[in-house]
Amino acid sequence: MTATTADVWLPFPAEEIDGLPDGPNYLFWNGGPDFPADPADCAYYVVPYMQGPEVAQRPLAAMSGVQVVQTLSAGIDHVEPGLSLLPAGVRLCNAKGVHEASTAELTLALILASLRGFPGFVHGQDEEEWRSGFYPALADKSVLIVGYGSIGSAIEDRLAPFECARVARVARSARTTARGPVHTLDDLPALLPEADVVILSTPLNPSTQGLVGADFLAAMPDGALLVNVARGGVVDTKALLAELESGRLRAALDVTDPEPLPQGHPLWHAPNVLITPHVGGSTSAFEPRAKRLLAAQLTRFAAGEPVRNVVVTTG
């Protein structure tokens with residue numbers, strides 16, 4: 001089986017993607033109960049978007065000939081547990097370049113809505129109440145971005161016009177950017193007490209699972225806002241609930257643990273929290289950018305060139 005004759009599983013019909021190379025056998029599968037063909041014949045598997053880990057991993061054990069697994073998400077935690085089922089040398093690629101703009105937009109929306117009291121205004125409109133008053137501004141606030149990859153950088157791009165007092169950056173590795181230094185996780189105890197707004201945009205992996213626990217939250221100053229556009233598992237929900245219910249901290253969450261957040265969960269009605277249902281990347285920008293990514297990746301694959309955005313190679 002060569003790249004130019006291989007089966008490629010796509011979550012969009014091939015005729016809807018401009019620029020796909022001729023040669024591969026394109027098959028549509030978006031998580032339905034029946035596979036479009038024998039998974040053993042699939043060489044390039046594009047994981048259905050936002051269908052959950054069970055769907056993402058379902059065909060992996062039978063994909064004995066797969067060469068590339070491509071997510072349409074920035075995160076890979078919904079696929080990674082199934083990588084042990086694959087042969088050595090399979091490349092797992094993420095969707096870098098697809099979600100940065102939409103996730104950064106939502107991040108700013110969550111910050112501004114939370115600081116300026118929009119949830120209360122919406123409830124006031126429902127009750128025909130004129131809830132005027134003074135509210136915090138983003139201007140002159142100190143912001144900390146935890147997870148300074150492409151999404152974290154896109155968030156800072158959009159923070160630039162808002163006249164923040166300072167933006168600090170944290171990532172796995174220290175480095176210097178045009179905007180300033182990037183610190184490591186070890187520097188969090190020194191950075192958190194100065195942060196009025198803490199933005200989480202880090203991947204979920206063993207080093208970030210439960211990163212935002214009681215000690216992390218206790219280090220944040222009174223009245224600070226925690227914004228999570230990463231993964232729910234980065235935050236210890238019980239510890240966050242304790243801080244919200246005490247009234248000391250505020251939160252704006254696009255992701256939760258558990259997720260979806262079940263009915264009756266105390267986080268729904270905790271004070272000082274704004275929740276959106278994991279819609280950071282779910283915008284009109286997703287589909288055209290995802291299709292452009294797939295056309296570019298499959299053109300490289302069919303030509304025998306290295307694919308981009310490789311985050312894991314099985315071994």
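Select Lys 291 to begin: with a relative accessibility of 13%, Lys 291 counts as buried (buried is under 20% relative accessible area, exposed over 50%, partly exposed in between, with a 1.4 Å probe and protein chains only). The model is predicted, so local features need pLDDT of at least 70 and side-chain atom pairs count only at pLDDT 80 or more, while totals for chains, interfaces and linings use all residues. Residues are numbered from 1 along each chain as its sequence is written, and side-chain values use heavy atoms, with hydrogens and water left out.

**Around Lys 291**

Helices (H or I, at least four residues) and strands (E, at least two) are DSSP runs, numbered from the N terminus. Glu 287 is partly exposed, at 37% relative accessible area.

**The six-stranded sheet**

Next, show the open sheet of six strands, whose order is E2-E1-E3-E4-E5-E14, with mixed pairing (two strands pair if DSSP finds at least two bridges between them). Strands E2 (25–28) and E14 (310–313) stand at the edges with a single partner strand each, so one side of each has no neighbour in the sheet. From one strand to the next, the twist averages 20°. Strand E1 (residues 7–10) runs parallel to E2, and four bridges join them. To find one of these positions, select Asp 7; its bridge partner in E2 is Asn 25. Bring back helix H8 (residues 286–302), which packs on this sheet and touches E1, E2, E3 (42–46), E4 (68–70) and E5 (91–93); contact means heavy atoms within 4.5 Å. The direction of H8 makes about 160° with that of E3. Axes are lines fitted to C-alpha atoms, for helices over the stretch in contact, and angles run from 0 to 180 degrees between N-to-C directions.

**The eight-stranded sheet**

Move to the open sheet of eight strands, also of mixed pairing, in the order E8-E9-E7-E6-E10-E11-E12-E13. Its edges are E8 (175–177) and E13 (273–275), each with a single partner strand, so one side of each is left without a neighbour in the sheet. Select E11 (residues 225–228) and E12 (residues 250–253): they pair in the parallel sense over four bridges. Val 227 stands opposite Ala 252 in E12. Helix H2 (residues 100–115) lies across E10 (197–200), E11, E12 and E13, at about 150° to E11. Helix H7 (residues 237–246) lies across E11, E12 and E13, at about 130° to E12.

**Around Arg 248**

Select Arg 248 with Asp 222 and Glu 243. Arg 248 and Asp 222 form a salt bridge of 2.8 Å, N to O. This pair links distant parts of the chain, 26 residues apart: Arg 248 is in the loop between H7 and E12, and Asp 222 in the loop between helix H6 (214–219) and E11. Glu 243 also forms a salt bridge with Arg 248, with the closest N and O atoms 2.9 Å apart. Glu 243 and Arg 248 are buried, whereas Asp 222 is exposed, at 63% relative accessible area.

Terms used
A salt bridge is a side-chain nitrogen of Lys or Arg within 4 Å of a carboxyl oxygen of Asp or Glu.
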